[in-house]
Amino acid sequence: MQPGKKMLQAAWALALGVMLLAPAGVLAMDADDAPESVEIDSLSKFYGPVEFDHATHVSLAECADCHHHTTGTGPASTNCARCHDGVEEGDSVSCSDCHAAEPFGQENLEEMENPEIFHFDKPGLKGAYHLNCVGCHQELDGPTGCQDCHTMTEAGEELFNTGKHAPAGGGKKSGH
Amino acid sequence: MNKQLSRRGFIKGGLAGTVAVTVLKNKETQASGSFDGYPDTMGVIVDLSRCVGCRSCEAACNKEQGLPEPAEPFDDFSVFDQLKHGQKRRTDETRFTVVNRYEVSGFDHPLFRKKQCFHCNEPACLTSCFVNAYTKTPEGAVIYNQKVCVGCRTCMIACPFYIPTFKYSSAFKPSIMKCIFCYDTRLKEGKAPACVDACPQEALTFGKRGDMLEVAKQRIRMEPGKYVDHVYGEHEAGGTSWMYLSPAPFDQVGLSTNVPKEPVLNYVKGFLAIVPMVLTIWPALFAGFHLLSTRKDRIKQLQNDENQEG
């Protein structure tokens with residue numbers, strides 16, 4: 001058989017499969033499709049990027065624990081399920097597509113006033129990462145130290161007055 | 001006879017004036033006591049269930065405000081064990097915010113609480129300052145003008161949260177050091193303060209004070225049992241821009257539950273309203289009383305003199 005024809009057959013089979021499965025609502029994204037690891041670097045400044053071992057975490061948590069309702073498995077929270085009870089897969093599964101990098105910018109503050117939007121208290125991107133990761137790590141006794149996940153950068157050492165920028169001679173004590 | 005009437009008239013007028021001033025003053029002060037804060041004032045919710053004690057807010061504040069180098073690095077967590085005069089760390093001239101750790105019974109992990117100026121709607125520091133060095137801006141910040149400060153430190157005693165601190169290292173050029181909500185560099189332009197931006201856990205949430213109050217109440221409602229059903233700062237000291245949510249009773253995380261629910265101003269406005277009245281009317285009034293009471297003696301004296309002469 002020619003390789004081209006084989007591809008065509010496979011495509012037809014896939015299309016048929018999709019058509020059969022779609023009405024049943026089990027279009028869930030398979031964990032095996034997910035990347036082995038993800039580099040989370042969009043916010044890195046005082047800390048370097050996080051090399052997130054996605055493969056390991058797939059075995060530790062449900063997809064919806066992190067991806068809420070975007071991977072087709074339905075939300076874990078009953079509150080989210082009030083609207084997102086369908087199990088459709090989202091166009092994007094990235095945290096940064098919903099969680100704003102600058103949650104306290106004018107745009108987001110004004111959005112709070114919009115009665116059409118129910119995500120009244122949606123954490124920003126940095127908050128979403130840390131609240132989700134640290135929250136679970138606390139529960140499951142995972143690492144919770146800052147540098148357990150990301151190493152401090154030079155800029156971070158300057159901000160925290162540590163490492164190269166550690167206070168010389170114990171720093172200046174308060175005046176009284 | 002004419003003279004006598006005019007004197008009496010003067011005293012009557014003085015009394016009427018006193019009453020009028022008292023009534024007018026009362027009206028004014030009542031109006032000031034009903035001030036609910038500026039409508040679009042900004043606020044911050046500090047959620048103690050989220051804080052992990054990383055001290056990022058302290059580091060960010062230090063850099064934003066150009067404060068001196070700290071005694072210990074900001075990633076040194078041994079500072080939580082520090083006690084001074086039996087008390088946990090507090091804000092001073094070198095730090096406008098500090099995070100303290102609290103071991104609360106019934107919790108398997110410690111709680112951390114960031115401390116800074118509450119930015120009251122009706123600040124006691126502002127009320128107490130007789131040179132008007134303090135200003136509550138419409139954005140919500142309580143800022144301070146070092147140029148007019150005489151260093152009396154009354155604000156430090158007036159503040160129910162012990163926040164303003166004196167720069168003892170420059171006592172001859174008096175300066176009060178406290179959090180200003182990053183007013184000059186951020187809040188004025190509608191931006192969140194440096195500590196809020198630095199917080200990895202979003203334990204600090206910034207927005208309009210009214211919205212923040214709703215956020216806080218929603219969090220309490222959405223997770224019953226997680227929080228104490230109270231937003232600290234909604235009413236404390238007459239309402240504050242910075243408010244706290246806590247999973248543990250507030251007095252166990254270092255927040256005083258004895259802070260009155262109305263502005264400190266309300267306790268002193270009666271007295272403060274009397275001061276100008278006493279200074280302007282009392283001298284004339286009592287001089288009048290004195291003249292009246294000694295008048296007969298003086299008339300007698302005059303008559304005696306006349307008799308002697310005659």
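Trainee: Which residue in S9(B) is the bridge partner of Ile45(B)?

Mentor: This is a predicted model, in which local features need pLDDT of at least 70 and side-chain atom pairs count only at pLDDT 80 or more, whereas totals for chains, interfaces and linings use all residues. Residues are numbered from 1 along each chain as its sequence is written, while chains are lettered from A and ligands numbered from 1 in the order in which they are written. S1(B) and S9(B) pair in the parallel sense over 4 bridges, where pairing requires that DSSP finds at least two bridges between the strands. Within S9(B), the bridge partner of Ile45(B) is Met243(B).

Trainee: In which sense do S1(B) and S8(B) pair, parallel or antiparallel?

Mentor: Strands are DSSP runs of E with at least two residues, and helices are runs of H or I with at least four, both numbered from the N terminus. One place to look is Val44(B), which stands opposite Phe206(B) in S8(B). The two strands are joined over 5 bridges, and their sense is antiparallel.

Trainee: What is the order of the strands in the open sheet of 3 strands in chain B?

Mentor: In general, strands of a sheet pair through backbone hydrogen bonds, either parallel or antiparallel. The pairing in this open sheet is mixed, and its order is S8-S1-S9.

Trainee: Which strands of chain B stand at the edges of that sheet?

Mentor: An edge strand here has a single partner strand, so one side of it is left without a neighbour in the sheet. In chain B this applies to S8 and S9.

Trainee: Which residues of H6(B) are buried?

Mentor: A residue is buried if 20 or more other C-beta atoms lie within 10 Å of its own, exposed if 12 or fewer, and partly exposed in between, with C-beta atoms placed from the backbone. The buried residues of H6(B) fall within an arc of 115° as seen down its axis, so they line one face of the helix; the arc is that of the directions from the helix axis to the C-beta atoms. These residues pack against S1, S8 and S9 of chain B. They are Arg209(B), Met212(B), Val215(B) and Ala216(B).

Trainee: Which exposed residues does the face of H6(B) turned away from its buried side carry?

Mentor: H6(B) spans residues 209-222, and we now look at the face opposite its buried side. The exposed residues there are Gln218(B), Arg221(B) and Met222(B).

Trainee: Which element supplies the largest share of the side of chain B that touches chain A?

Mentor: Residues are in contact if their C-beta atoms, placed from the backbone, lie within 7 Å, and 31 residues of chain B are in contact with 28 residues of chain A. Helix H2 (56-64), S8 and H6 of chain B each supply at least two residues of that side. The largest share, 5 residues, comes from H6(B).

Trainee: On which residue is the kink in H7(B) centred?

Mentor: H7(B) has 45 residues, and the count of buried residues among them is 1. The kink is about 45°, centred on Arg295(B).

Key:
The bend at a residue is the angle between axes fitted to the seven residues ending there and the seven starting there. The expected span of a helix is 1.5 Å times one less than its number of residues. Two residues are in contact if their C-beta atoms, placed from the backbone, lie within 7 Å.
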